[in-house]
Amino acid sequence: GDTATALRYYQRVIPQWRTAGAWTPQWVTIRTLIDLLTRVGACRDAATLYGAVTSATTGAPPYGADAGRLRRSAARLRDQLTAAEFRTCTEDGKQLDAAQVIDLALDAIARAAAKA
């Protein structure tokens with residue numbers, strides 16, 4: 001419930017997963033970050049990350065509650081963005097390599113924290 005605390009958590013854990021090279025927990029973390037970013041109104045960043053996670057070739061794919069949360073986030077993003085914005089953001093996300101996804105996630109966290 002505390003956005004600022006949650007953002008600080010993500011800011012700490014994402015670099016740790018990067019250093020460890022642990023892609024399965026990294027993707028799960030980024031998928032939950034998409035939900036948080038969507039809820040705080042950082043929809044363009046969330047949609048770009050959504051495009052990245054849905055095209056990821058490393059780590060385990062979402063399933064169960066993780067998959068359901070990702071579907072709900074996508075539905076909220078489609079409600080908040082125009083169809084063209086959502087498509088552009090997700091296509092941009094699909095073009096990112098893993099390092100760029102992590103950099104975007106950290107930048108998105110910083111932007112959201114500045115508004116929180």
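## Charges and the model

The mean positions of the 15 positive and 11 negative charges of the protein are 5 Å apart. Here Lys and Arg count as positive and Asp and Glu as negative, while His and the chain ends are not counted; each charge is placed at NZ of Lys, CZ of Arg, CG of Asp or CD of Glu.

A word on the source before going on: this is a predicted model, in which local features need pLDDT of at least 70 and side-chain atom pairs count only at pLDDT 80 or more, whereas totals for chains, interfaces and linings use all residues. Residues are numbered from 1 along each chain as its sequence is written, and side-chain values use heavy atoms, with hydrogens and water left out.

## Overall fold

The protein has six helices and zero strands, giving the pattern α-α-α-α-α-α along the sequence. Helices (H or I, at least four residues) and strands (E, at least two) are DSSP runs, numbered from the N terminus.

How does the size fit a compact globule? With 116 residues, such a globule would have a radius of gyration near 13 Å, and the protein agrees at 13 Å. That radius is taken over C-alpha atoms, and the globule rule is 2.2 Å times the number of residues to the power 0.38. The C-alpha trace spans about 35 × 30 × 25 Å along its principal axes.

## Surface and contacts

The accessible surface comes to about 6,200 Å², and 52% of this belongs to carbon and sulfur atoms. Areas come from the Shrake-Rupley method with a 1.4 Å probe; for residues, only the protein chains shown count as cover.

Among contacts (heavy atoms within 4.5 Å) with a separation of 6 or more, 73% are accounted for by residues 24 or more positions apart.

## Helix H2

Helix H2 covers residues 23-39, and its 17 residues should span 24 Å at 1.5 Å a residue; the end C-alpha atoms are 24 Å apart, which agrees. The expected span is 1.5 Å times one less than the number of residues. Just after H2, Gly 41 takes a positive phi of about 90 degrees.

In H2, 12 of the 17 residues are buried, so this helix is largely enclosed by the rest of the structure. Among them are Trp 27, Ile 30, Leu 33 and Leu 37, along with Arg 31 and Asp 35. The buried residues of H2 pack against helix H1 (3-20), helix H3 (43-54), helix H4 (64-80) and helix H6 (98-115).

Ile 34 sits in H2 and is buried, with a relative accessible area of 0%. Leaving aside neighbours within four places in sequence, Ile 34 is in contact with Ala 46, Leu 49, Tyr 50, Val 53, Leu 70, Ser 73 and Leu 77. Ile 34 and Ala 74 are 40 residues apart in sequence and 8.9 Å apart in space, C-alpha to C-alpha.

Leu 7, in helix H1, counts as buried at 1% relative accessibility. Beyond its neighbours within four places in sequence, Leu 7 is in contact with Leu 36, Ile 109, Ala 112, Ala 113 and Ala 116. Thr 48, in helix H3, counts as buried at 12% relative accessibility. Not counting residues up to four places away in sequence, Thr 48 touches Cys 89, Asp 92, Gly 93, Leu 96 and Leu 104.

How values were computed:
Buried means under 20% relative accessible area, exposed over 50%, partly exposed in between (1.4 Å probe, protein chains only).
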